[in-house]
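Trainee: I have a new chain on screen. Can you walk me through it?
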Amino acid sequence: MQSDLVSIIIPAFNAEMYIEDCLNSVINQTYQNIEIIVVNDGSTDLTLELVNSFNDPRIILINQENKGCSASKNQGLRIANGDFIQYLDDLQSGSQSALQN
């Protein structure tokens, strides 16, 4: 039986201090049927480069000029394919079973 796809949408603006921990937290979830949509909201730091350093085909990166968190979430939602949507701030990380539960 195929498990439901979860789209995780991460709006990111100047998140170089947090984005690696955030992405590692998502990638290491026990629930693996996920797509990870990172919306780079016009960052002027190393956010873009750090996201691009991940070699995971589940990561989808969108670049846009700075429009704010709500616009970034909406942009991610427009391309999401998941049966369920999870918004995650760029500085959040959670337990490895957060999606499983």
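Mentor: Start with the cysteines. A search of the whole structure turns up zero disulfides, a disulfide being a pair of cysteine sulfur atoms within 2.5 Å.

Trainee: Is Cys22 buried or exposed?
Mentor: Cys22 is buried, at 0% relative accessible area. Buried means under 20% relative accessible area, exposed over 50%, and partly exposed in between, using a 1.4 Å probe and protein chains only.

Trainee: And what does Cys69 count as?
Mentor: Cys69 counts as partly exposed, because its relative accessibility is 40%.

Trainee: What sort of model is this, and how are residues numbered?
Mentor: It is a predicted model, so local features need pLDDT of at least 70 and side-chain atom pairs count only at pLDDT 80 or more, while totals for chains, interfaces and linings use all residues. Residues are numbered from 1 along each chain as its sequence is written, and side-chain values use heavy atoms, with hydrogens and water left out.

Trainee: Fine. How many helices and strands does the chain have?
Mentor: Three helices and four strands. Both are DSSP runs numbered from the N terminus: helices are H or I with at least four residues, strands are E with at least two. The order from the N terminus is β-α-β-α-β-α-β.

Trainee: How much of the chain is buried?
Mentor: Buried residues are 41% of the 101 in the chain.

Trainee: Let's take S1. Why is it called largely enclosed?
Mentor: Because seven of the seven residues of S1 are buried. Val6, Ile8, Ile10 and Ala12 lie on one side, with Ser7, Ile9 and Pro11 on the other.

Trainee: Which strands does S1 pair with?
Mentor: S1 (residues 6–12) pairs with S2 in the parallel sense over seven bridges. Pairing here requires that DSSP finds at least two bridges between the strands. S1 also runs parallel to S4, joined by four bridges.

Trainee: Which residues partner up across those strands?
Mentor: Ile10 has Val38 in S2 as its bridge partner. The chain gets from S1 to S2 through helix H1 (residues 19–27), in a right-handed β-α-β crossover. Right-handed means that, with the strands pointing away from the viewer, the path from the first strand over the helix to the second runs clockwise. Over in S4, Gln86 is the bridge partner of Ile8.

Trainee: What about S2 itself? How many of its residues are buried?
Mentor: Eight of eight, across residues 34–41. Ile34, Ile36, Val38 and Asn40 point one way, and Glu35, Ile37, Val39 and Asp41 the other.

Trainee: What joins S2 to S3?
Mentor: Six bridges, with the two strands running parallel. Val38 has Leu61 as its bridge partner in S3. S2, helix H2 (residues 47–52) and S3 form a right-handed β-α-β unit.

Trainee: Switching topic. Which side chains meet in a salt bridge?
Mentor: Asp56 and Arg58, at 2.8 Å from N to O. The rule is a side-chain nitrogen of Lys or Arg within 4 Å of a carboxyl oxygen of Asp or Glu. The count is one salt bridge. Asp56 and Arg58 are both buried.

Trainee: Last one. Which residues make the nonpolar surface patch?
Mentor: Leu77, Ile85 and Tyr87, giving about 230 Å². Patch residues have over 30% relative accessible area and no salt bridge; like charges are joined within 9 Å, and nonpolar side chains (Val, Leu, Ile, Met, Phe, Trp, Tyr) within 5 Å. Areas come from the Shrake-Rupley method with a 1.4 Å probe, and for residues only the protein chains shown count as cover.

Trainee: Where is Ile85 found?
Mentor: In strand S4, residues 84–87. Ile85 counts as partly exposed, at 36% relative accessibility.
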